[in-house]
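Dear colleague,

Here is the structure I said I would pass on. My notes on what was found in it follow below.

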Amino acid sequence: MGDIIFYTNPQSRGRLVRWMLEEIGQPSDTEIIAYDQLKSDRYLAVNPMGKVPAINHRDHIVTECAAICAYLADVFPEARLGPTDDEKADYYRWLFYAAGPLEQAVVNHHAGWDPAPEQGRMFGYGSYDKVVAVLDELFSLRDFVCGERFTAADVYVGSAIMWGTQFGTLPGRDSFNRYSDRLKSREQFKRAWAKDDEAQAEMAARQPQPA
Ligand SMILES: N[C@@H](CCC(=O)N[C@@H](CS)C(=O)NCC(=O)O)C(=O)O
């Protein structure tokens, strides 16, 4: 169909890449990888981490959701989801912040482990509370990562905020709720979500039913 193969599972971070693909408006072939197939030789040849999502674009494999969002924004500039020169500082800063410090802070905190105050200087995120406060302040002051305009960075940073608040791994904040509402109102987001809901329902229907 297109020249992008999208490897995903609807119950994964792949949902945010599906959204990014809707944003760039390019056709792709979707391969749903069941969780018990992630460590198969066939899929390990795509992503040696055995994790979804991944994309193959013209024989270039990209893994890591943040990298996939940035890559697609770069190679499809007509979608205008990459940063202008004036937006580059915010775009890269917050995209990397979300893929590194935010992700680590949220996962460690959710797993029940936080660095002691004296360990904060060794950890790129300092403390979970600090990460939350920094993001709360950011989205209290602006509508999107780069200011007034939606970019690919919002697909990644926004997904982290939306999922974090939805699953309770981030606390509720008015700024997070307003930002999430802005993102969820996008037609591209709604289309992506509906496609993954459908894929998830199909997978569930294929599961053997208990006798
Ligand atoms: N850092 C990776 C994380 C990918 C990841 O952890 N994916 C999970 C699903 S959300 C996965 O494939 N887990 C299955 C496993 O590790 O076996 C990214 O941003 O894409």
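Asp59 is exposed, because its relative accessibility is 69% and the cut-off for exposed is over 50%. Asp59 sits in the loop between S3 and strand S4 (60-63). Its phi is near 70°, which is a positive value in a residue other than glycine. Please keep in mind throughout that the model is predicted.

With a relative accessible area of 53%, Glu64 is exposed.

One more backbone item concerns the peptide bond between Val52 and Pro53, which is cis, with omega about 5°. Pro53 is placed in the loop between helix H2 (41-44) and strand S3 (54-57).

Val52 also turns up in the surroundings of Ser12. Leaving aside neighbours within four places in sequence, Ser12 is in contact with Tyr35, Val52 and Trp163. Ser12 itself belongs to the loop between strand S1 (4-8) and helix H1 (14-24). Its relative accessible area is 14%, so Ser12 counts as buried, the cut-off being under 20%. A polar atom of the Ser12 side chain lies 2.7 Å from the backbone oxygen of Asn9.

Ser180 is another buried serine, at 4% relative accessibility. This one is in helix H7 (residues 174-184). A polar atom of its side chain lies 2.8 Å from the backbone oxygen of Phe176. Beyond its neighbours within four places in sequence, Ser180 is in contact with Ile161, Met162 and Thr165.

Next, Arg149. Which residues does Arg149 touch, not counting those up to four places away in sequence? They are Arg80, Gly82, Pro83, Thr84, Glu87, Phe144 and Asp154. Two of these partners have distances to report. The side chain of Glu87 makes a polar contact with the side chain of Arg149 at 2.8 Å, and the backbone oxygen of Gly82 lies 2.8 Å from a polar atom of the Arg149 side chain. Arg149 lies in the loop between helix H5 (128-141) and helix H6 (152-167). Pro115 is 34 residues from Arg149 along the chain, and the C-alpha atoms of the two are separated by 35 Å.

Now the protein as a whole. It has eight helices and four strands, and from the N terminus on the order of elements is β-α-β-α-β-β-α-α-α-α-α-α. The radius of gyration is 18 Å, close to the 17 Å that the globule rule gives for 211 residues, so the protein is as compact as a globular protein of that length. The C-alpha trace spans about 50 × 45 × 30 Å along its principal axes.

Buried residues make up 45% of the 211 residues. Of the contacts with a separation of 6 or more, 65% are between residues 24 or more positions apart.

Regards

Definitions and conventions: Residues are numbered from 1 along each chain as its sequence is written. This is a predicted model: local features need pLDDT of at least 70, side-chain atom pairs count only at pLDDT 80 or more; totals for chains, interfaces and linings use all residues. Side-chain values use heavy atoms; hydrogens and water are left out. Helices (H or I, at least four residues) and strands (E, at least two) are DSSP runs, numbered from the N terminus. Contact means heavy atoms within 4.5 Å. A polar contact is a pair of N or O atoms within 3.5 Å; within protein, one must be able to donate a hydrogen and the other to accept it, and residues adjacent in sequence count only if both atoms are side-chain atoms. The radius of gyration is taken over C-alpha atoms; the globule rule is 2.2 Å times the number of residues to the power 0.38. Buried means under 20% relative accessible area, exposed over 50%, partly exposed in between (1.4 Å probe, protein chains only).
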